[in-house]
Amino acid sequence: MSPTAASATSTTASTSASTSRGYEIQERGAHNIAKGGAHPYQRPKFTTKQEERESAKQHMAGAFRVFSRKGFTEGTAGHISLRDPVDPQTFWINPLGKHFGLIKASDLVHVDEQGNILPDGNQCAINAAGFMIHSAIHKAHPHVHAACHTHSTYGKAWSCQPDHRKLSMINQDVCTFYNSHSVYEDFGGVALEAEEGKKIASALGPNGKGVILTNHGLLTVGETVDEAAYLFTLMEKSCQVEIAARAALLKGEQLTEIGDEEAAYTEHHDGSHEMLYTEFQPDYEMEIYLDDSFLK
């Protein structure tokens, strides 16, 4: 399909618009996937910023439990950050060395833009490289409220592709990243310098959902920690699927890719902030069922 058609599909919000197939382009939101009633996982509304903070910290701790269950740990590497709803110039991050599967909301560390540990959070050291990356992202992108980065298996495998390859649009799910992910090509070593964090933040771009960090791993962002966490699980699985699909190709064969118009149509309906929030809730609910100690 032509780039022009794809562009029109991805930017149109009017319910009167349609694709070349005649498929209606709906207003974005989770209502599109719910039939016969309201979507069961609505984004909550809060009466105070303090209430929002406590809820977000619980969901952040839940995201770590999900990451643990899915095997995203690698020693002390990996971090999730959450912009503080009360003081947006600060953010919450995980304590250094705490296994993802043990993290509770009360374990989270509150830091300012200079890396000072604030008194209302856990008084514990944080990962220095994690601070450099996440502080740069929160400074450069005010719309980003959460960011996730781990050294996951398939993310690392994909990050060393010889041509700095982005993900191919080869299935419905990966279309969530259509025209909204990038590759950071200039790996400078472990991110202990502020400059490396700034380069990663720049590579993300103004509308990016995620970035593949060459020789490093994956990083995703969101308007909520739920969105960022779901996008990370999706990007990791997308790397796994494409690696498997490419390995199954016979000599001379190529993957069957989705056209621009169809990919843009799918991203439009599946890639909104509201929709991506809802996609994380089944995993969050499972963590509550398995062990709700992370809420404390």
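Me: What is the relative accessible area of Tyr 154?
Reply: This is a predicted model, where local features need pLDDT of at least 70 and side-chain atom pairs count only at pLDDT 80 or more, while totals for chains, interfaces and linings use all residues. Residues are numbered from 1 along each chain as its sequence is written, and side-chain values use heavy atoms, with hydrogens and water left out. Buried means under 20% relative accessible area, exposed means over 50%, and partly exposed is in between (1.4 Å probe, protein chains only). Tyr 154 falls in the partly exposed class, because its relative accessible area is 31%.

Me: And which residues does Tyr 154 touch, not counting those up to four places away in sequence?
Reply: Tyr 154 sits in helix H4; helices here are DSSP runs of H or I with at least four residues, strands are E runs of at least two, and both are numbered from the N terminus. Contact means heavy atoms within 4.5 Å. With residues up to four places away left out, Tyr 154 touches Glu 236, Cys 239, Gln 240 and Ile 243.

Me: What's the angle at which H2 and H6 pack?
Reply: Two packed helices are described by the angle between their axes and the distance between the axes. The axes are lines fitted to C-alpha atoms, for helices over the stretch in contact, and angles run from 0 to 180 degrees between N-to-C directions. Under 35 degrees counts as roughly parallel, over 145 as roughly antiparallel, 65 to 115 as roughly perpendicular and the rest as oblique, so H2 and H6 are roughly parallel. Their axes are 9 Å apart and the packing angle is about 15°.

Me: Which residue in S6 does His 181 stand opposite?
Reply: S5 and S6 pair in the parallel sense over four bridges. On S6, Gly 210 and Ile 212 point one way and Val 211 and Leu 213 the other, and all are buried. The residue opposite His 181 is Gly 210.

Me: How many of the eleven residues of H7 are buried?
Reply: H7 is largely enclosed by the rest of the structure. Its buried residues include Glu 261, Glu 262, Glu 267 and Asp 270.

Me: Last one: near what value is phi of Asn 215?
Reply: Asn 215 is in the loop between S6 and S7 and is partly exposed at 47%. Its phi is positive in a residue other than glycine, near 60°.

Definitions and conventions. Two strands pair if DSSP finds at least two bridges between them.
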